[in-house]
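Open the model in your viewer and keep the selection tool at hand. Each stop below says what to select and what is there.

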Amino acid sequence: MAQQWIYLNGDFVAKEDAKISVYDHGFLYGDGIFEGIRIYDGNIFRLKEHLDRLYDSAKSIQLDIPLTYEEMQEAVVETVRRNELRNGYIRLVVSRGPGDLGLDPRRCPKAFVIIIVEQLAIYPEEAYRNGLVSISVSPRRNIPDALNPKIKSLNYLNNILVKLQANLAGVGEAIMLNAQGYVAEGSSDNIFIVKKGVVYTPPCWVGALEGITRGAIIELCGKLGYPLREEPFTLHDVYTADEVFFTGTAAEVIAVREVDGRTIGAGKAGPITTHLLEEFRKIVTVDGVQVYK
Ligand code: PMP
């Protein structure tokens, strides 16, 4: 990419000059929300669904986004256009904005909107065929009545604790349980298992983000005739599954070949995972908002 332009509260600023206040409450307290969005061949995949989730997160934490839905959509599209990006990743951040050192949001008069677009480093193609090695980790998912995992907040410390353990074990993604011991999600991906032709994913109330990719896969299962059940399951079900995969904006649909030393199925991407990835890759260039029409 040549000169990279960042959207900073209504202005386009060169990457080197894109700075925020040290009094910003997103920085001081993780008080804010975000979205990670993909652009595939000029198509912003499911932008509407991402913006719906953003505005729902904002409502939940009583954050007034200073742009209407339409203005936000236009800001995202314009940032992509300015950067002449056809394929990549969009990070949309809305922080509570600058305030004082106290945590009271009333001291933050205006929320701060940032849009960054970048090229994306994703897993190598062979990882999609061979699958990832993964582990379960000790930090439990935030309980929904503390900080609801449905809110895509800037407070990712729970997820970062997972990432630290994943790093120690040398794996790219790990499995988080909820406080009752049911499988919740990965550090930044939703999780699915397949057993005897049935696809399972935890309901979000177990403690998972309502992933946009997760939603797309649930829809694809319906279209392709794979029975899909949203129900809680345990690590035992993961270990004995025929297939396990993670879904996420960056990861797409990535198979898991081993969990906690147990080989999953044939130890490589299974047929249903592979089929779902193929079909997912067909919709990503058409389902969404075309930037360069
Ligand atoms: N769970 C968490 C905690 C996440 O941060 C993400 C986003 N990377 C996901 C799941 C997957 O959601 P999506 O498909 O919308 O990217």
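**Before selecting anything.** Residues are numbered from 1 along each chain as its sequence is written. This is a predicted model, in which local features need pLDDT of at least 70 and side-chain atom pairs count only at pLDDT 80 or more, while totals for chains, interfaces and linings use all residues. Colour the chain by pLDDT (the predictor's confidence in each residue, from 0 to 100). The average is 97, and 100% of the residues score at least 70. For the complex, the predictor gives an ipTM of 0.99 and a pTM of 0.97.

**Stop 1: the sheet.** Helices (H or I, at least four residues) and strands (E, at least two) are DSSP runs, numbered from the N terminus. Select the strands in the order β2-β1-β6-β5-β3-β4-β16: these 7 strands form an open sheet with antiparallel pairing. Two strands pair if DSSP finds at least two bridges between them. Which strands stand at the edges? They are β2 (11-14) and β16 (288-290); each has a single partner strand, so one side of each is left without a neighbour in the sheet. From one strand to the next, the twist averages 25 degrees.

Now select β3 (residues 32-40) and β5 (residues 88-95), which pair in the antiparallel sense over 8 bridges. Find G36, which stands opposite R91 in β5.

**Stop 2: α2 and α3.** Select residues 47-60 for α2 and residues 69-82 for α3; their axes come within 11 Å and cross at roughly 125 degrees. Axes are lines fitted to C-alpha atoms, for helices over the stretch in contact, and angles run from 0 to 180 degrees between N-to-C directions. The angle makes α2 oblique to α3 (under 35 degrees is roughly parallel, over 145 roughly antiparallel, 65 to 115 roughly perpendicular, the rest oblique). Show the side chains of L47, L51 and Y55 in α2, which meet Y69, M72, Q73 and V76 in α3. Contact here means C-beta atoms, placed from the backbone, within 7 Å.

Bring the sheet back into view: α2 lies across β3, β4 (43-45), β5 and β16, and runs at about 175 degrees to β3.

**Stop 3: α6 and α8.** Select residues 212-224 for α6 and residues 271-283 for α8, which pack at an angle of about 110 degrees with their axes 10 Å apart. That makes α6 roughly perpendicular to α8. A216, I217, L220 and L224 of α6 make the contact with H275, L276, E279, F280 and I283 of α8.

Methods
Two residues are in contact if their C-beta atoms, placed from the backbone, lie within 7 Å.
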